[in-house]
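Please look over the complex shown here before reading the notes on its chains and their contacts.

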Amino acid sequence: MATIVVEVMLKPEILDPQGQAVASALPRLGFNFAKAVRQGKRFEIEIDGEPTPAQIAQVEDAAHKLLSNPVIETYVIKVEK
Amino acid sequence: MAFRIGVVTFPGSLDDFDAARAVEMAGGTAGPLFHASDDLKEVDAVVLPGGFSYGDYLRCGAIARFAPIMESIIVAAEHGFPVLGICNGFQVLCESHLLPGALTRNQGLHFLCRDQKLKIENTKTIWTSGFTEGQEIVIPLKNGEGSFQCDDETLDMLESQGRVIARYVDFDPNGSRNLIAGITNARGNVVGLMPHPEHAIESLTGPSEDGLIFFTSALQQLVGR
Amino acid sequence: MKLDTVANATANPDTPQPWVELGLKEDEYARIKSILGRRPTASELAMYSVMWSEHCSYKSSKVHLKQFGEKAPKSDALLVGIGENAGVVDIGQNYAVTFKVESHNHPSFVEPYQGAATGVGGIVRDILTMGARPIAVMDPLRFGLADAPDTRRVLPGIVAGVGGYGNCLGLPNIGGEIVFDETYAGNPLVNALCVGVMKHEDIKLAKAHGAGNLVVLFGAKTGGDGIGGVSVLASETFNEAKPTKRPSVQVGDPFAEKVLIECCLEIFKADLVVGIQDLGGAGLSCATSELASAGSGGMEIQLDKVPLRDPSLSPEEILMSESQERMCAIVEPSKVKQFLAICKKWDVTATVIGEVTSGERLHISFNGELIVDVPPRTVAHDGPVYNRPIEKPAYIAERQAVTINIPMPTSSTEVKAAILKLIAAPNIADKSWVTSQYDKYVQGNSVLAQPEDSGMIRIDAETNLGVAVSTDANARWSYLDPYEGVKLALAESMRNIATTGAKPLAVTNCLNFGSPEDPGVMWQFAETVRGLADACLELGLPVTGGNVSFYNQTGSVAILPTPVIGVLGVIQDVRKRTKMGFEKAGQDIYLIGAVDSNMSGSEWAYLHGEIGNHAPKSDLAMEARLVELLLEGQPIFESAHDVSNGGLAATLAESALKNNIGAKVELENVAVALFSETPGRVVVSINESSTNSIIALAGKYQIPVTKIGMTGGSELIINETHISLTELSKAHTETFPKLSG
């Protein structure tokens with residue numbers, strides 16, 4: 001069994017209010033390490049066996065059509081065991 | 001002299017004005033409290049109002065929980081100070097661990113605003129003493145993340161100790177476990193409620209006047225203290 | 001890249017410039033050069049191109065819109081008229097109310113959630129800019145066919161965006177419309193209305209007066225949002241092939257706007273601003289040039305002081321950025337400290353970026369180098385004015401020659417089936433799947449909200465003074481006859497105010513049309529403006545402002561001409577408002593107004609694929625008398641509900657279903673009586689003891705009233721047709737959940 005992970009992030013140029021809110025809360029709690037914070041989404045898709053190139057292509061298609069909004073988001077696909 | 005009930009304004013609080021109006025209409029004096037100060041200004045009780053504190057980014061109530069005013073409220077609540085958290089206030093109370101469980105995304109995945117029927121099941125808390133047990137009321141429900149969730153152990157504990165104060169009746173609006181709409185802490189001074197009693201205090205603008213009883217209950221209990 | 005300074009532009013007059021890509025026409029570019037006496041710098045070109053776009057300059061509509069001024073009725077109620085961010089109306093007791101509706105159509109097609117959300121955000125800032133606390137929003141929405149794939153893509157996102165932003169701001173959503181028609185496929189209409197209230201002395205204007213006063217930019221930091229959004233997105237039809245480096249989508253942060261609202265209201269209360277302007281379309285280009293040209297004229301801006309979210313932005317991009325949740329204020333130097341302290345309290349970034357000067361030019365510098373040197377009026381107000389060709393389209397004559405032929409039910413089985421079909425149709429069906437995603441309770445002053453005839457908000461809890469707002473459009477009638485269509489929309493909106501017991505006071509509008517380069521569309525537009533101006537003059541209602549949205553078309557197919565008309569009314573005692581639902585059993589039901597057999601533009605005809613031939617002729621004198629009748633009769637009306645889309649059948653069903661109280665009704669010529677949408681009609685219920693009063697009102701206002709039945713029971717009975725309320729409710733409420741499923 002393997003897990004195909006799709007991570008969706010807002011494109012760098014798109015405003016990320018969620019990330020901003022976290023970035024400004026951190027110093028209030030004494031955490032001063034963050035220059036900026038951006039928040040994204042992670043999808044874990046479980047499949048049987050090793051993923052085939054065809055399956056990855058399908059996930060790619062799904063990531064483009066459903067999991068992300070290409071107008072404002074980008075995604076990366078990884079395979080985890 | 002009328003008792004003073006503080007209403008906290010976090011950045012993004014929306015129903016603070018309405019909660020203050022409900023306090024006044026119930027015969028109390030509303031005292032505005034600002035998130036950035038830890039001064040409770042000698043109020044006799046506190047309402048954490050609805051809204052989207054800090055935009056409700058990250059998790060609902062997660063950032064508000066660390067506001068200076070909350071540090072004071074948490075300490076006071078642990079010593080029996082009356083606190084009512086409505087909607088976002090309930091979320092803040094859960095994030096503060098003054099109440100168990102968490103509020104998650106509605107099962108229908110939409111924000112939902114409706115007139116909701118509730119059954120009051122615990123009339124021993126400071127905020128519900130004016131109701132009769134089993135009384136059915138209708139007050140507005142309006143939220144996107146109102147589904148009460150907790151583990152089985154916590155659920156058993158809440159049920160066996162009678163700490164569910166109100167349950168949804170006739171319609172399941174959000175998939176909460178055991179249709180839980182509100183709970184209390186063991187002592188009965190801290191109550192969290194997802195629907196909005198402060199929007200049911202006059203029939204002109206709300207579905208009923210049932211909500212007022214939460215506020216009159218607290219004011220009456222304060223007399224006896 | 002080298003900075004294109006004024007000195008550089010003078011020294012290198014022949015540098016080629018991308019004026020075509022920026023949407024400027026050759027003569028427009030030539031005019032800029034003649035105004036400046038040289039070629040514009042890159043920043044100047046950006047400013048002119050965006051401010052001279054259709055969206056900002058109203059270049060195609062200006063020549064028509066001036067009728068609203070020329071034909072303006074005398075009105076003591078109007079405190080601030082057209083030209084400011086929003087008009088302001090006196091409602092008595094020293095309260096002033098401002099309201100306005102704007103379109104955010106194209107952005108909502110591209111990114112439904114953010115497009116709709118930032119539409120709400122923009123109109124709320126317009127209202128805030130007047131010095132008012134925003135108190136309610138409404139959203140008239142239009143989509144392609146309900147089951148079309150693109151509708152299923154855009155509708156959930158748009159509804160969630162309207163709710164997501166408005167709910168988070170704490171503004172009750174109290175009304176609006178949801179209409180489906182195939183011409184909106186690929187071009188949904190998202191119009192957003194906001195109402196605000198203030199005391200007379202708190203009205204603020206967008207003016208930069210007083211040399212030495214400081215220009216303060218506050219709110220969100222500036223990013224690359226929607227660069228070119230105004231000139232590209234809103235002015236020309238889409239060009240999918242062209243990728244942009246910068247996002248053309250603006251992302252809204254409702255939390256930032258909520259904090260900005262509270263911050264502004266505290267600043268207003270402390271009387272700290274001379275003038276104020278929000279940053280919407282065209283961002284800083286618009287705000288600086290409008291503030292300066294409405295004031296004494298001179299202003300100096302140091303653009304490098306603008307706080308940036310994205311440090312790679314070039315000066316021209318900073319000028320064009322449409323980052324949301326920003327405001328620009330003119331503040332006296334002695335008050336700046338206090339101003340900045342309030343911003344700090346609310347965690348709002350605020351920066352002094354320049355000052356008002358005694359000169360007549362807008363100077364903008366970047367790191368000490370002059371990059372803009374223009375007369376601000378030439379940017380903000382002296383844009384091109386087009387007298388676009390107008391031609392009555394051929395379809396009008398073709399339509400008028402058509403004989404309308406739709407099946408009309410006769411037997412009781414047919415009547416029952418027809419009613420159930422009608423009330424389940426997406427345009428008539430219960431919309432609570434949508435409206436339950438909006439918070440209608442917040443602020444605790446919502447007296448009436450959807451699906452009532454108008455939304456109503458209590459303004460003063462002591463005196464119970466309130467306002468009512470309604471928006472209406474009948475695009476099918478506007479298609480058949482744009483002059484009459486808009487008059488009928490205004491009449492309907494006014495009637496919806498009066499049925500609740502409020503007195504109509506002022507008008508706003510959002511005129512959604514196809515391409516102005518199509519002479520037929522331009523004719524529709526011209527006729528609409530003429531009709532609205534004539535109607536407002538006749539009814540004595542001032543137009544307080546409005547918005548024009550052109551280029552609403554997919555390929556060569558324009559949307560139906562859709563003038564959305566908003567009317568604001570005032571009610572002295574909100575406790576006396578009348579609701580739409582039958583209140584109790586055993587009350588007499590009256591139809592006020594007379595029916596005729598014209599089915600053109602009706603929902604029943606539409607359900608049979610017909611639009612008909614002639615729109616009804618409006619009778620505004622009668623409509624005005626009807627309003628008087630409704631206001632005088634208000635104490636005896638137990639319920640009142642307008643007859644409009646879906647005819648009497650829809651009205652009766654809605655009044656019965658509201659409180660689950662049935663009715664028994666007798667009608668002659670039952671099909672026409674039920675499904676004709678003859679304007680100027682209202683259904684009321686009264687106690688039998690009020691019979692003489694309603695007959696007296698009918699006589700006094702010369703409007704027929706007919707007793708058609710009685711409330712009660714658990715069925716809607718029309719002649720021999722029986723429909724249980726359970727069955728009626730099922731048909732009415734099932735449509736939307738099914739469509740979304």
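This is a predicted model: local features need pLDDT of at least 70, side-chain atom pairs count only at pLDDT 80 or more; totals for chains, interfaces and linings use all residues.

Residues are numbered from 1 along each chain as its sequence is written, and chains are lettered from A and ligands numbered from 1 in the order in which they are written.

**Confidence**
- The model scores ipTM 0.96 and pTM 0.93.

**Chain C as a whole**
- Chain C contains 27 helices and 28 strands, which are DSSP runs numbered from the N terminus (helices H or I, at least four residues; strands E, at least two).
- For 741 residues a compact globule would have a radius of gyration near 27 Å, and the 26 Å of chain C agrees with this; the radius is taken over C-alpha atoms, and the globule rule is 2.2 Å times the number of residues to the power 0.38.
- The C-alpha trace of chain C spans about 85 × 55 × 50 Å along its principal axes.
- Of the 741 residues in chain C, 62% are buried, a residue being buried if 20 or more other C-beta atoms lie within 10 Å of its own.

**The largest nonpolar core**
- This core (buried Ala, Val, Leu, Ile, Met, Phe, Trp, Tyr and Cys residues joined through C-beta atoms within 7 Å) has 317 residues, of which B:Ile5, C:Met51, C:Val467 and C:Ala653 touch the most other members.
- Because domain 1 (6-60 + 206-380) and domain 2 (416-420 + 578-740) of chain C both give residues to this core, it lies between them; the domain bounds come from an automatic or database domain assignment.
- Leaving aside residues up to four places away in sequence, C:Ala653 touches C:Ile419, C:Ile423, C:Leu716, C:Leu728 and C:His732.

**Contacts with chain C**
- In the contact between chains B and C, 23 residues of chain B meet 25 residues of chain C.
- The elements α1 (16-25), β6 (112-120) and β7 (136-143) of chain B each give two or more residues to the side that touches chain C.

Notes. Two residues are in contact if their C-beta atoms, placed from the backbone, lie within 7 Å. A residue is buried if 20 or more other C-beta atoms lie within 10 Å of its own, exposed if 12 or fewer, and partly exposed in between; C-beta atoms are placed from the backbone.
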